[in-house]
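I opened this notebook to keep track of what I looked up, in the order in which I looked it up.

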Amino acid sequence: MNTRTASRGLTHGEERRVAATVLVIGSGAAGLRAAIELAERGVQVVCVSKRRRDDAHTVLAAGGINAALATMDAEDSWEQHAADTLREAYWLADPRIVELLCREAPAAIEELVRYGVQFAREDDGRLTQRFFGAHRWRRTCFAGDYTGREIQRALIGRAAEVGVAMRDDLYVTRLLVHDGRVFGVYAFDVEDGSRSVIVADAVILAAGGHTRIWRRSSSRRDENTGDAMRLAAAAGCRLRDMEFVQFHPTGMVFPEESAGTLVTEAVRGEGGILRNAAGERFMERYDPERLELSARDRVALANYIEIAEGRGTEHGGVLLDVSHLDRDMVLRRLPRMYRQFIDLAMLDITSTPMEVAPTAHYSMGGVWVDAETHATDVEGLYAVGECASGVHGANRLGGNSLTECVVFGRIVGAEAARWSAKLDVQVRDRAAIAAAREEVDELLARRGEEFPRPLQRAVRDLMSECCGVLRSEKGLRAGLTRLEELAVRMRDMEVRPDIAGYDDLAHAFDLKGSLLAAQATLECALERRETRGAHNRVDFPDQDPRLQTNLVWSCDGTVTREPIPQPSSAVAALVDGQELETTGRLLE
Ligand SMILES: Cc1cc2nc3c(=O)[nH]c(=O)nc-3n(C[C@H](O)[C@H](O)[C@H](O)COP(=O)(O)OP(=O)(O)OC[C@H]3O[C@@H](n4cnc5c(N)ncnc54)[C@H](O)[C@@H]3O)c2cc1C
């Protein structure tokens, strides 16, 4: 599909019309796997993304992907995988979704191997599996420390083989809906601004999470801006568990453009020491026994408190030091970290401490989906991958998100194919298309004193200050007030496409996504008056059994409680409530 060439004959305000049986938004692992399933079933599918497909956020995943293959520990089973996931989720994950995920995970790994993923293997050919976070057994497959990149490479290759039509740099601004049923999307080309209306029987939303709305984020620069949440909510979907965002304890803080880039937990694993600006080894106060090897949440909290209470560095971080370790050992065991700091900060970590701070890392919440089909509240619309909710509850078990992408990618592909096959009539609605067109026209016509990038920065600052690792009623309410002020400032925002392209328009829509995702997060965080998993309330420091429910958010700002079903008896029997020892096990 070559929109660019075809768009040249269009006059101003006209859109190119494209028809797809199923449209997939997003070419990360989830979107690609869904598109492959459709193409393998002979369904015509178009897969679009706002960035290049080989640079989707998925390529950052390093550590691995889970499936109970029992290649290393014969005792492992999918039921135990499910039990570990539910425990780590603080009982807020949907057991039906988790059980499906864990049951299907081994087949998903087999498929990836068939598509050409080169996972690490033992000498006898078995797939190597390692411990990763709070798993009872070794069940994480990996490819060096570039698992995500390897999976992405293989999925792109397979998508090309089976004839998926791919389109990079196409920004979806709106889902087109008539009478509660999706019939396509409205989009523009980030390079030349030309517009497309893509009509489809079904749409699969695989557009990632919302971790970029914090000042420090381990995400790609212009990804995870909450687009999926805005697109879904504007179409009539509900969002779930938005208050749960995983913060990794150590992201870079300097230079500013690299802020949030992950500093692997292996640095602490190899003997890195955390100090505040006064030189104190502060973990002695937070966890005198395990010190830097304490649980990820506790280290994130400790780093956060040191910085918030004024004991941080000039750039707002704490110091992570490996300069006391043997230089050769650091170069051998942490080569990527050595390179990262040389490349991004011109800093030699073998002689100078790194400045680090907690960084927003993963969105546990997202679009509400049906447990079995991942259908949303809008007919014909499915959500999958990091933008969907239900697998991770209050905390994600490391390595489960890649599994989620490929397992549910296959499932939504099959479901969308089924939906399309049983559709008698495909409705279209000119008014819905006109509204989407006007939204873009109106943004481009605006003149004023404000610009998208500084406003994005203001959202990130407010989320970091009011809804970071530690939260309180006062801070969350202040966040909502500041958000309203930003929405007013946004009316004065000028969007300036230039010779280099329509990035500024993309940033304006990113900002819209960020505002909506921020509102949903703040309102759910306010409603969850307890401390659980990744959500820490200073004013409600304990877990409240009455809140063992999901919080479901709607566009009108209402938050309702949704009961959580019981796990099956086979899984329930394996859930013992015991915390596993995770010292020294990476979680990223
Ligand atoms: C540093 C790091 C390490 C990680 N390590 C692991 C790990 O070891 N194991 C693990 O399981 N998970 C890991 N994760 C998490 C995992 O990488 C992600 O959860 C997963 O890759 C998300 O995939 P996805 O397909 O849902 O979305 P993404 O890969 O984020 O893809 C989203 C797609 O949507 C497109 N898109 C977004 N908005 C629009 C729009 N408006 N219009 C058009 N297209 C749009 C984007 O361009 C992109 O193609 C890690 C994450 C990070 C940041």
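**The ligand and its contacts**

I started with Asp 227, where a polar side-chain atom lies 2.9 Å from a nitrogen atom of the ligand. I keep in mind throughout that this is a predicted model. Next I looked up Gly 64, and found that one of its polar backbone atoms is 2.8 Å from a nitrogen atom of the ligand. For Glu 386, I noted that an N or O atom in the side chain is 2.7 Å from an oxygen atom of the ligand. I then asked how much of the ligand the protein buries. Taken alone the ligand exposes 1,000 Å², and the protein buries 98% of that.

**The shell around the ligand**

I counted the surroundings next: 39 residues surround the ligand, and the closest are Thr 58, Gly 63, Gly 64, Glu 386 and Ser 401. Sorting the residues of this shell by kind, I have 17 nonpolar, 15 polar and seven charged. Which elements each supply at least two residues of the shell? My list holds helix H2 (29-40), strand S6 (170-178), strand S13 (354-363) and helix H12 (400-421). The largest share comes from H12, with four residues.

**Helix H6**

Asp 227 is itself among the buried ones, and the others are Ala 228, Met 229, Arg 230, Leu 231, Ala 232, Ala 233 and Ala 235. Just after H6, I noted that Gly 236 takes a positive phi of about 115 degrees.

**Arg 396**

I then looked for Arg 396, and located this residue in the loop between strand S15 (381-383) and H12. Is Arg 396 buried or exposed? At 5% relative accessibility, Arg 396 counts as buried, since the cut-off for buried is under 20%. The side chain of Arg 396 is joined to that of Gln 246 by a polar contact of 3.2 Å. I also checked Arg 396 against Ala 134: the two are 262 residues apart in sequence, yet 9.9 Å apart in space, C-alpha to C-alpha.

**Cysteines**

I searched the whole structure for disulfides and found zero. Cys 387 is buried, with a relative accessible area of 0%. I made the corresponding check for Cys 466, whose sulfur is 8.1 Å from the closest cysteine sulfur, in Cys 467, and this too is too far for a bond. Cys 466 counts as buried, at 6% relative accessibility.

**The chain as a whole**

Along its principal axes, the C-alpha trace spans about 65 × 55 × 50 Å. Of the 588 residues of the chain, 61% count as buried.

How values were computed: Residues numbered from 1 in each chain as written. Predicted model: local features only at pLDDT ≥ 70, side-chain atom pairs only at ≥ 80, totals over all residues. Heavy atoms only, no water. Near = heavy atom within 4 Å. Polar contact = N/O pair within 3.5 Å; in protein donor to acceptor, adjacent residues only side chain to side chain. Areas by Shrake-Rupley, 256 points an atom, 1.4 Å probe, with all protein chains shown as cover. Nonpolar A, V, L, I, M, F, W, Y, C, P; charged D, E, K, R; others polar. Disulfide = S-S within 2.5 Å. Buried < 20%, exposed > 50% of the residue type's maximum accessible area, 1.4 Å probe, protein only.
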